[in-house]
Amino acid sequence: SLFFESTLSNYNGVNISCKGYSDGWIMIDSILGGQSPYSFNWSNGDSALLIDTLSVGWHTAILTDSFGCIFIENIQITEPNFALDTYLDTFTVSCNGYCDGMLIANSYDGTGPYTFEWYDNLNNIISTNDTADVCAGEFSLIVTDNNGCTNNLTTTISEPLMLSINLDSIFNISVNGLSDGAIYISATGGNGSYMSSWIGLN
């Protein structure tokens, strides 16, 4: 009987490296039976023994020998079920000028395992994992899965404005011996509500 043996592209268990790509291929390794010469026809119109740049789906091969005998095989090209995706979580700097921010990345789908490369705004690599003790600034992340699929993301670590104390008004003691003086202040910058304590005479 007439038939052939073939090899398919293999990217860690699937035939296409990244979801939506077209890098699958099918190679006819050998033709057995029948009578040469043989002719090949594919459902995409190609007639070579190696077809590439294939997308996900079924591809039909039609092999014909010199007697007109025909062998037909449908070959499925698969891809990852879901595209590589990444979720970023950032923690801002607590005080102006501090370097206690944090960058965390969680990747899923695609084809694990994943590698991570964090870059600062000067394109210097600063980490290959989640990173702490980060100063304020802009950062970029490149995530690569086991098939070479990538995610490129950017994020910003912010910091509060510098904490400042403003002297609003001073009221001097009206009569010697009384305690009716007052100092009024306000604060800007920092985070949230403020607490104050005084050091000096009561």
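Modeller: A strand here is a DSSP run of E, at least two residues in length, and strands are numbered from the N terminus. The model is predicted.

Colleague: Which strand gives the largest share of the nonpolar patch?

Modeller: That strand is β14, with three residues. The patch lies on the surface and consists of Ile165, Leu167, Ile170, Ile183, Ile185 and Trp198. Together these residues have about 650 Å² of accessible area. At least two residues of the patch come from each of β14 (164-171) and β15 (182-188). Ile170, for example, lies in strand β14.

Colleague: How should I read a nonpolar core?

Modeller: In soluble globular proteins, nonpolar side chains tend to be buried together. The largest nonpolar core in this structure has 14 residues.

Colleague: Which residues of the largest nonpolar core touch the most other members?

Modeller: They are Leu103, Ala105, Trp118, Phe139, Leu141 and Ile157. Two or more residues of this core come from each of β8 (101-108), β9 (115-119) and β12 (137-144). The largest share, three residues, belongs to β12. Leaving out residues up to four places away in sequence, Leu141 touches Thr86, Leu88, Ala105, Phe116, Glu117, Trp118, Asn151, Asn152 and Leu153. Another core, of 13 residues, lies apart from this one; Leu2, Phe40, Trp42 and Leu54 are among its members.

Colleague: Now for charged residues. How many salt bridges does a search of the whole structure find?

Modeller: Start with the general idea. Side chains of opposite charge can pair when their charged atoms come close. The search finds one salt bridge. Lys19 forms this bridge with Glu79, and the closest N and O atoms are 3.1 Å apart. The pair links distant parts of the chain, 60 residues apart. Lys19 is in the loop between β1 (3-8) and β2 (24-32), while Glu79 is in the loop between β6 (70-77) and β7 (85-91).

Colleague: Is Glu79 buried or exposed?

Modeller: Buried means under 20% relative accessible area. Glu79 has 15%, so Glu79 counts as buried. Lys19, with 38%, is partly exposed.

Colleague: What else does Glu79 contact?

Modeller: Setting aside neighbours within four places in sequence, Glu79 is in contact with Val14, Ile16, Cys18, Lys19, Gly20 and Val56. A polar atom of the Glu79 side chain lies 2.9 Å from the backbone nitrogen of Gly20.

Colleague: Last, sequence separation and distance in space. How far apart are Gly101 and Asn41?

Modeller: Take the two values separately. Gly101 and Asn41 are 60 residues apart in sequence, and 60 Å apart in space from C-alpha to C-alpha. Gly101 lies in strand β8 and is buried, with a relative accessible area of 0%.

Colleague: Which residues does Gly101 touch?

Modeller: Residues up to four places away in sequence are again not counted. Gly101 touches Phe91, Thr92, Val93, Thr131, Ala132, Asp133, Val134 and Ile157.

Technical notes: Residues numbered from 1 in each chain as written. Predicted model: local features only at pLDDT ≥ 70, side-chain atom pairs only at ≥ 80, totals over all residues. Heavy atoms only, no water. Patch = residues over 30% accessible without salt bridge, like charges linked within 9 Å, V, L, I, M, F, W, Y side chains within 5 Å. Areas by Shrake-Rupley, 256 points an atom, 1.4 Å probe, with all protein chains shown as cover. Salt bridge = Lys/Arg side-chain N within 4 Å of Asp/Glu carboxyl O. Helix = DSSP H or I, 4+ residues; strand = E, 2+ residues; numbered from the N terminus. Core = buried A, V, L, I, M, F, W, Y, C linked by side-chain atoms within 4.5 Å. Buried < 20%, exposed > 50% of the residue type's maximum accessible area, 1.4 Å probe, protein only. Contact = heavy atoms within 4.5 Å. Polar contact = N/O pair within 3.5 Å; in protein donor to acceptor, adjacent residues only side chain to side chain.
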